[in-house]
Structure formats: C-alpha cells, structure tokens
Amino acid sequence: MEAEQQINNANITFSAPWSLTLKLVTVLTAILLIGIGLFGIFSGLYIKTLRILWFIGIVIQPFSILIIASFFMIRGYVITQNTLLIKRLFWNTKLDLTTLLSVEIDTQGLKRSIRACGNGGLFCFAGLFWNKRIGSYRAFATSPKLSVILKFPKRTVVVTPDRPEKFTSILKELRNL
C-alpha cells in the first residue's frame, strides 16, 4: 500500500550506475573507434578510385558505431503504476508490469552469460543473453553486481538499479508478490 501511495504521488526513479568494467570497456572502445576514424582521415593510404569506400569503412563506420551505441545507453529506471520505464538517451523502453511473476536481487545474475544479440559493454550491457542459472533473458544493465531479475510468463528481464533492495521491495509491494 505504501509503494502504491508513493507511485500515485510521483513516479519512483532509480539511477543506473556504471560498473568499473562498463567504464573501461566504453572508454577503451571509444578510443579505438575514434583512433580508427582519425587514422582513416589522416593516413592517406587509400587509392583514389576507392576513396569513397575507404571513407565509409574506415571513417564513417567507427564514428557511427560510437554515436548509435550512445543512443542506447541506460540512464535509469522509473517505476510507474503498471510500467517500468528504462530511460535511454532520447526515449524510454517500456516494460508492462501487470504480468510480473517475481522479482529478486541476484548479484551473480549476469555472470558467465553468453550474448546472443546485443551490446556487451559500449555504454551498457543490453540485448538478449543466456546463462545456465537464468536461461534466456533480456538485459538492460550497467552494473552487474546490482542485478535484479524480473520474471514474466514468457520472458525474463535483468535490470541494475542503484538501490536494488528498494527497487525489489517497491515492485513486490506494488504487484503483491
């Protein structure tokens, strides 16, 4: 009842802190991509007839990867009455909470995961993953040690809010779990 009252008054917001691994992967990948792009601009190794292909492949592509990946970064989470909003750079990804079956903290949730499709560390850990303990899941994560597993009838989602205990208690109270 308290969580419902809090949500009726205002949405509850959680930040998405970056783990050291995410910071390192993002910085090193950004340096690599920018370096490749700058090499392509200043090296002069291209053949005049292939100039456009060189420019697209060695200059535009690395900068595009960096820019596009930044759009998908996870900036936080907002719990509303029936929805979890995953805050991105320019939009929110919505998860309907009406069919939520369980919510639990799991500091080892992302360990030994295999990425099926998605981003493994450039601004976030997001996409489709699999591991033995959880099975297939969708991740919207920035700090694996803060993992919260949300189980729905047809899918599992992992998020990493800054205060996982408060996040889970609010969802449990809100959804009567």
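This is a predicted model: local features need pLDDT of at least 70, side-chain atom pairs count only at pLDDT 80 or more; totals for chains, interfaces and linings use all residues.
Local features are taken where pLDDT is at least 70 and side-chain atom pairs where pLDDT is 80 or more, while totals for chains, interfaces and linings use all residues. Residues are numbered from 1 along each chain as its sequence is written, and side-chain values rest on heavy atoms, with hydrogens and water left out.

The protein contains four helices and 10 strands. Helices (H or I, at least four residues) and strands (E, at least two) are DSSP runs, numbered from the N terminus. Their order along the sequence is α-β-α-α-β-β-β-β-β-β-β-β-β-α. The C-alpha trace spans about 70 × 35 × 30 Å along its principal axes. Of the 177 residues, 41% count as buried; a residue is buried under 20% relative accessible area, exposed over 50% and partly exposed in between, with a 1.4 Å probe and protein chains only.

A nonpolar patch on the surface is formed by Ile34, Leu38, Ile41, Phe42, Leu50, Ile52, Leu53, Phe55, Ile56 and Ile60, which together have about 940 Å² of accessible area. The elements that give two or more residues to this patch are α2 (20-42) and α3 (51-71), and α3 gives the most, with five residues. Patches are made of residues with over 30% relative accessible area and no salt bridge, like charges being joined within 9 Å and nonpolar side chains (Val, Leu, Ile, Met, Phe, Trp, Tyr) within 5 Å. Accessible areas come from the Shrake-Rupley method with a 1.4 Å probe, and for residues only the protein chains shown count as cover.

Ile52 is in helix α3 and is exposed, with a relative accessible area of 57%. Ile56 also lies in helix α3, but is partly exposed at 43%. The C-alpha atoms of Ile56 and Thr142 are separated by 31 Å, the two residues being 86 residues apart along the chain. Another residue in helix α3 is Ile67, which is partly exposed, with a relative accessible area of 47%. Ile67 and Ala30 are 37 residues apart in sequence, and their C-alpha atoms are 9.8 Å apart in space.

The structure holds two salt bridges, each defined as a side-chain nitrogen of Lys or Arg within 4 Å of a carboxyl oxygen of Asp or Glu. In one of them, Arg133 pairs with Asp106, and the closest N and O atoms are 2.9 Å apart. This pair links distant parts of the chain, 27 residues apart: Arg133 is in the loop between β7 (125-131) and β8 (135-141), and Asp106 is in the loop between β5 (102-105) and β6 (114-120). Arg133 is exposed, with a relative accessible area of 54%, whereas Asp106 is buried, at 11%. A salt bridge also joins the side chains of Arg163 and Asp162, with an N to O distance of 3.4 Å. Arg163 is partly exposed at 33% relative accessible area, and Asp162 is partly exposed at 29%.

The largest pocket has a volume of about 360 Å³. On a 1 Å grid over the protein atoms alone, a pocket is an open set of points where a 1.4 Å probe fits, with protein on both sides within 12 Å along at least five of seven lines, and lining residues have an atom within 4 Å of a point. Grid points are joined across faces, edges and corners, and the volume is the space filled by probe spheres set on the points. The lining of the largest pocket consists of 17 residues, of which Thr21, Leu110, Lys111, Phe125 and Pro144 lie nearest its centre. The elements that give two or more residues to this lining are β6, β7 and β8. The lining divides into seven nonpolar, seven polar and three charged residues; Ala, Val, Leu, Ile, Met, Phe, Trp, Tyr, Cys and Pro count as nonpolar, Asp, Glu, Lys and Arg as charged, and the others, Gly among them, as polar.

Most residues other than glycine have a negative phi. Phe123, which is not a glycine, has a positive phi of about 80 degrees. Phe123 lies in the loop between β6 and β7 and is buried, with a relative accessible area of 12%. Asn176 likewise has a positive phi, near 55 degrees. Asn176 is in the segment after α4 (164-175) and is exposed, with a relative accessible area of 70%.
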